[in-house]
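Please look through the sequence and the model below before reading on. The paragraphs that follow go from the whole chain to its parts.

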Amino acid sequence: RGRHVTCAMAERTLHAWEGCAGFRWKKARRTRKEGRVRGAKARALRSEKDGSDEREEKEGTSPKKMDELPSNGGGGVRWDGANLRWVKDSRVKKNVDAKAKPLSGSEYTVWPVVHTTLVQNKLQSVECDKADRTIRNGEAVMLDIRTKRAFDKGHVEGAISVPLFRPVEGRTKFDNLKRLAMAGFAMEATERDPDFVQKVLDKGIQKEDKLIVCCDIGGTLETIVRRPGRDREFADKDRAFGRESRSLKACFELQQAGFTNVLHLKDGYNMWLHLGYPVQL
């Protein structure tokens, strides 16, 4: 009986302690620390998945702080590490740098800045059928920015390959860790190619030429969801900044470098292949 009384008293003491501010402060501090650890891991994976090792060219203009974005309203942007995406959050007051430096690879422009810049520049996305007609008429060039390995497996007929990413070349511990992690998924560890724009120019492409940029998935700048067959549309909180992709980031790089006629292939090479348009294997 004495043990039961002792346990009951201990339980009431614990409940009282949990309700006090000190316990909540320690719990919140521990949660923030765990969140930072998870965020570091997420950034390492995001660098590989999203292709976020981006370098801004000197000829373009891009904001240096999030609060410089006209559509941002002075802040309210944060990285959601749990869901691997950028979200808008009015509770965030601290300014976020427009560029980030990953543990492996060169610094890159964060996606909200890329998205907002492309929207302001009115980047146009073209459907596969229109892209096919334009290319057949000799009015545009299809620029495939996927890796060389993906390009060799199959690509749009007549496309020019200039990969936005290259195999990791660094020898730091984080570079080696990235290689090891991706090898576990039977994937090649890649990083942003800082010479991407120059390699496009080396292919004989001029800054005035019409380019249709292609990757696997295409991505989108759209933040509105439209149901087929319905007039109603609504904002999707899961894509406050669209759906990021390597082709959209390549469009950003090209526009920043002074290319004036850049288009984006909607839904990417996967949709092109699915619809049966000409490919080379």
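A residue is called buried when its relative accessible area is under 20%, exposed when it is over 50%, and partly exposed in between, using a 1.4 Å probe and protein chains only. Of the 281 residues in the protein, 40% are buried. The model is predicted, so local features need pLDDT of at least 70 and side-chain atom pairs count only at pLDDT 80 or more, while totals for chains, interfaces and linings use all residues. Residues are numbered from 1 along each chain as its sequence is written, and side-chain values use heavy atoms, with hydrogens and water left out.

The protein contains 9 helices and 15 strands. These are DSSP runs numbered from the N terminus, with helices being H or I of at least four residues and strands being E of at least two. The accessible surface, from the Shrake-Rupley method with a 1.4 Å probe, is about 16,800 Å², and carbon and sulfur atoms hold 52% of that surface. A contact means heavy atoms within 4.5 Å. Among contacts in the protein with a separation of 6 or more, 70% are between residues 24 or more positions apart.

Which strands form the open sheet, and in what order? The sheet has 5 strands, ordered E5-E14-E11-E6-E8, and their pairing is parallel. Two strands count as paired if DSSP finds at least two bridges between them. Strand E5 (124-126) and strand E8 (160-161) are the edge strands, each pairing on one side only. Helix H4 (residues 128-136) packs on this sheet and touches E5, strand E6 (141-144), E11 and E14. The direction of H4 makes about 90° with that of E5; axes here are lines fitted to C-alpha atoms, for helices over the stretch in contact, and angles run from 0 to 180 degrees between N-to-C directions. Within the sheet, 3 bridges link strand E11 (residues 211-214) and strand E14 (residues 262-265) in the parallel sense. Val213 stands opposite His264 in E14.

An antiparallel pair is found elsewhere in the chain. Strand E1 (residues 77-80) and strand E2 (residues 85-88) run antiparallel and are joined by 4 bridges. Asp80 has Arg85 in E2 as its bridge partner. The hairpin of E1 and E2 has 4 residues between the strands, and Leu84 takes a positive phi near 55° there.

Most residues other than glycine have a negative phi. Ala186 has a positive phi near 55°; this residue is in the loop between H6 and strand E10 (190-192) and is exposed, at 69% relative accessible area. Asp267 is not a glycine either, and its phi is positive at about 70°. Asp267 belongs to the loop between E14 and H9 and is partly exposed, with a relative accessible area of 29%.

Trp272 is buried, with a relative accessible area of 1%. Beyond its neighbours within four places in sequence, Trp272 is in contact with residues including Cys128, Ala131, Met142, Leu265 and Tyr277. Trp272 and Ala131 are 141 residues apart in sequence, yet their C-alpha atoms are 9.7 Å apart in space.

Rings of Phe, Tyr and Trp (its six-membered ring) pair if their centres lie within 6.5 Å, and planes under 30 degrees apart count as stacked, over 60 as edge-to-face and the rest as tilted. By this rule there are 2 aromatic pairs. In one of them, the rings of Trp272 and Tyr277 have centres 5.1 Å apart and planes at 40°, so the pair is tilted. Tyr277 is partly exposed, at 22% relative accessibility.

How many disulfides does the structure hold? The number is 0, where a disulfide is a pair of cysteine sulfur atoms within 2.5 Å. For Cys128, the nearest cysteine sulfur is that of Cys214, 8.4 Å away. Cys128 is buried, with 3% relative accessible area. For Cys214, the nearest cysteine sulfur is that of Cys215, at 6.5 Å, and Cys214 is buried at 0%.

Helix H8 (residues 246-256) is mostly covered, with 11 of its 11 residues buried. Among them are Arg246, Leu248, Phe252 and Gln256. Gly258 follows H8 and has a positive phi near 105°.
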